[in-house]
Amino acid sequence: MRGNIGHVQRMSADVARRIALAAQGFTDPRPSTATRRHLQRVLSRVQLLQIDSVNVAVRAHYMPLFSRLGAYEPTLLDEAAWTHSSRKPRMLVETWAHEASLVPVLDWPLFHSGAKKRGWWQNYRTILERSPQLVDEVLAAVKELGPIGAGALEKALIGDSGRSKGPWWDWSEVKRVCEVLFGVGVLTTGTRRSFERLYDLTERVIPPDVLAQRWTPEEGARELVKRSAVALGVATEPDLRDYYRLDPRRCQAAVASLVEDGVLEPVSVDGWRGTGYRHVEAKAPRRVEGRALLCPFDPLIWERARTERIFGFRYRIEIYVPEPRRVHGYYVFPFLLDGQLVGRVDLKADRAAGVLRVQSAFAEEGVERGRVAAELAAELRHMAEWLGLEDVLVVQKGDLAAELAVAVAQRV
């Protein structure tokens, strides 16, 4: 901090960066063996885990935990998200948060309070009005057969012939109804099988006392902004809004209310446009040490404008860019080292060959390339071992590829 500008404190960009990293858990030590307690610690920082279907290296919801905890047993997350027992109650549930996400079970009512902006699945709501019979049959089938996948549900309702049993609906409408019911919270994910979502009645997944909670849109927005502020540390109002994809007006009102109550502190961050907001409990460590590979959907970097503002790191996912036009690669992981984004690698887990393929490797300008290559090689070997792969193979593409290949071969 460097004095006051009226009632708005001034903050250097470096302090803001360190606050953001600490808020996301990158100053917490990696445990030798990760437990449910360590998983809870990460969740208390990031608040949610985004789910994505791309599996070229590792599915998106597993990677943020590896980035913060190091090697851990993936069943730790599977059990927390998709199983329940009296000894280990379910910790997480799926809903639309940032995107499709795993969120703490206790937070589930907040996402159905009206605080969020309109979801894409709302476009299918006319099906509910047009085909109430289908809705009733879907719910009856899920109640009887669930947890159940959309394909099995379609067969149960339509049969193998593909001929509709109802006058207005077909195969695709069954899936759409499931998605609308998922979006409004009547259905959720009971479990997953080979990543396929198996729908179940929300009342059978969420505890009754949690399901009974009711929040107004204003209350829901306020609570979610508090959580995004904890996760981000210091952020602009659009940053806070984007974390949970909140309705703009409700988010702005929530921010103003939290400032008035002293939960958020307005700050002027050097180089930032507009006002920043620091959570009153956010800490600014003197330094940030350590290394981590970040998947494209890691909450530290998923908002690309914020990533560029905080780290000076321009990052775009190029999955949908034709291969000849890709700059860095298909599924690129930024590399975090001692609090800075210093490089990026395009990774692919070649499970048949037993290797983690580095399709390309690039360093940022001005970094100490030898150290970056050595630290990156060590983290890649650690990731390969976690994924059950025997080796790391570096393809000679990118300005860091040659040095990284040497560092990987040295196995220091």
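Residues are numbered from 1 along each chain as its sequence is written, and side-chain values use heavy atoms, with hydrogens and water left out. Because the model is predicted, local features need pLDDT of at least 70 and side-chain atom pairs count only at pLDDT 80 or more, whereas totals for chains, interfaces and linings use all residues.

The secondary structure of the chain amounts to 15 helices and 15 strands, these being DSSP runs numbered from the N terminus (helices, H or I, at least four residues; strands, E, at least two). Along the principal axes, the C-alpha atoms fill a box of roughly 65 × 60 × 45 Å. Of the 412 residues, 54% count as buried, that is, under 20% relative accessible area, with exposed meaning over 50% and partly exposed in between (1.4 Å probe, protein chains only). Among contacts (heavy atoms within 4.5 Å) between residues at least 6 apart in sequence, 65% join residues at least 24 apart.

A nonpolar core is defined as a set of buried Ala, Val, Leu, Ile, Met, Phe, Trp, Tyr and Cys residues joined through side-chain atoms within 4.5 Å. The largest such core holds 89 residues, of which Leu293, Phe333, Leu347, Met383 and Leu404 touch the most other members. Helix H14 (residues 369-386) supplies the largest share of this core, eight residues. When neighbours within four places in sequence are left aside, the contacts of Leu293 include Phe333, Leu347 and Met383, as well as Met63, Ser67 and Glu379. A second, separate core of 24 residues includes Ala16, Leu21, Phe26 and Leu336.

Two further residues illustrate local surroundings. Ile158 lies in helix H7 (residues 150-158) and counts as buried because its relative accessibility is 3%; between Ile158 and Val174, which are 16 residues apart in sequence, the C-alpha to C-alpha separation is 9.2 Å. His279 belongs to strand S10 (residues 276-279) and is likewise buried, with a relative accessible area of 9%. Not counting residues up to four places away in sequence, His279 touches Lys226, Ala229, Val230, Gly233, Val263 and Leu264.
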